[in-house]
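Please look through the structure shown here; some questions and answers about it follow.

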There are 2 protein chains.
Amino acid sequence: MPLTGGPGRGGHAAPGTGAPVRRRGIPDATVARLPVYHRVLTSLAERRVGVVSSDELARASGVTSAKLRKDLSHLGSYGTRGVGYDVEYLVYQIARELGLTQDWPVVIVGVGNLGHALAGYGGFASRGFRVVGLLDADPVRIGEVVVAGGEPVVVRPLADLEALVAECGVTIGVIATPAAAAQPVCDRLVGAGVTSILNFAPAVLVAPPEIGIRKVDLAVELQILAFHEQRKLGPAAVTA
Amino acid sequence: MPLTGGPGRGGHAAPGTGAPVRRRGIPDATVARLPVYHRVLTSLAERRVGVVSSDELARASGVTSAKLRKDLSHLGSYGTRGVGYDVEYLVYQIARELGLTQDWPVVIVGVGNLGHALAGYGGFASRGFRVVGLLDADPVRIGEVVVAGGEPVVVRPLADLEALVAECGVTIGVIATPAAAAQPVCDRLVGAGVTSILNFAPAVLVAPPEIGIRKVDLAVELQILAFHEQRKLGPAAVTA
DNA sequence: TAGATTGTTAATCGATTAACAATC
DNA sequence: TAGATTGTTAATCGATTAACAATC
């Protein structure tokens, strides 16, 4: 886990100058790409690569080097001209920017196939997300032990939600229930104090504006793929 | 399934005029939102709503009415001034644009938790995607019967891939294997004639440029959520 | 006709790109 | 110093927004 490695280099910000240090306001488009850079950098670090150029990193991430440098410039000046970027250092800076150097306790509500898949998804634990609770409304699922992020987690009844959120300081909830259960679960999560919700259920959730909600529709990408596939096959076939 | 309803109104394009009919080139940002409109419209149709205004549809979709009208204008003039949009008609036009009026046979490779979740995901079947094959490399999984889109589908060995793709005319493959298996499976799908691949495995796939690949990272959205959550809590807590 | 709502226009905004001066 | 590569600038491109003429 190389995320904890410190700077190891000096003076990259403007510490005491009265100048406007910018900060805040990283473009959304950049934020959406940071996880990609982070993943690529992590895999480079695992392969003991010490330094990358913007050109190499961009190619591996599927973007242009101009875009990559522009993106990174929003975080600060973390590269070395004529040399490139120190992999460990950059992976740490991106992780810090994304908030991955913090511990994020999450609960997953709904432990069907998707809930199991999410709990077992390696990408969660490796990025600082810790599954502290698996909750389900179905009595037959209660008590099952699921390995999430290398740790055994027992499936608990939905009734435990409020206590669990309070006890572990949970701020992020993941909904993986059937559509009908999603809104009530959302309401209870919000009531319990959760402030960000990731929704995998095929339902549009309503919550107070201060709650951050993101919806993942597993079929959207498939539809976009079909759209492009149709274009490839030629539109004439469709208009017929 | 109201997708098959025809126009029921006349003359919405420019049939025989020599004028440039535009066509092609719907902005990517618009294409990405069409599935959202489609889903909302489908649910309106189920509730027997006949007509919606851009204002209502926009609100239900989480966009502004100006953006919605702009988006729809790229497809054609399918509304009625002073009235709104005929729900059935518009849902059909969007479905046609996305290619959802065609039958899309898909194979899912990897029938673990995620493969099961995808196979059972209602959003696939209702949008014209038909799971014609579930394939797995693990012998113990072979023979299991999974219900996908209301139809029973038997899990078959990976060896059947090429025959299945040829037999059913499969053009879209879904990869839900562990990371290590993803690239070999991708290669075989491409070799078998598949031209679009949806990748849920935590691996970056390489394929010829004419192959359409989209990657779904189940953790990316969680990271973006954490980013905003961190901002909410105040950046001071981080810089400390 | 009066009221409502679309489809389009023009202005604004944000993101991408190419080029290059700064600098290791 | 010469070569390499960043960080930034300015130009371009695409997307969003607000307003309104067209029209049902």
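Q: Is B:Q93 buried or exposed?
A: This is a predicted model, in which local features need pLDDT of at least 70, side-chain atom pairs count only at pLDDT 80 or more, and totals for chains, interfaces and linings use all residues. Residues are numbered from 1 along each chain as its sequence is written, chains are lettered from A, and side-chain values use heavy atoms, without hydrogens and water. Buried means under 20% relative accessible area, exposed over 50% and partly exposed in between, with a 1.4 Å probe and protein chains only. Because B:Q93 has a relative accessible area of 2%, this residue is buried.

Q: Which side chain does the side chain of B:Q93 join in a polar contact of 2.8 Å?
A: B:Q93 has its place in helix α4 (residues 87-98) of chain B. A polar contact of 2.8 Å links its side chain to that of B:R96.

Q: At what angle do helix α2 and helix α3 of chain B pack?
A: Helix α2 covers residues 54-61 and helix α3 covers residues 65-73 of chain B, and their axes lie 8 Å apart.

Q: How many residues does chain B bring to the contact with chain A?
A: Chain B and chain A bury about 5600 Å² between them, 63% of it on carbon and sulfur atoms. Contact means heavy atoms within 4.5 Å, and chain A brings 58 residues while the number from chain B is 58.

Technical notes. Axes fitted to C-alpha atoms, helices over the stretch in contact; angles between N-to-C directions. Helix = DSSP H or I, 4+ residues; strand = E, 2+ residues; numbered from the N terminus. Polar contact = N/O pair within 3.5 Å; in protein donor to acceptor, adjacent residues only side chain to side chain. Buried area = accessible area lost by both parts, 1.4 Å probe.
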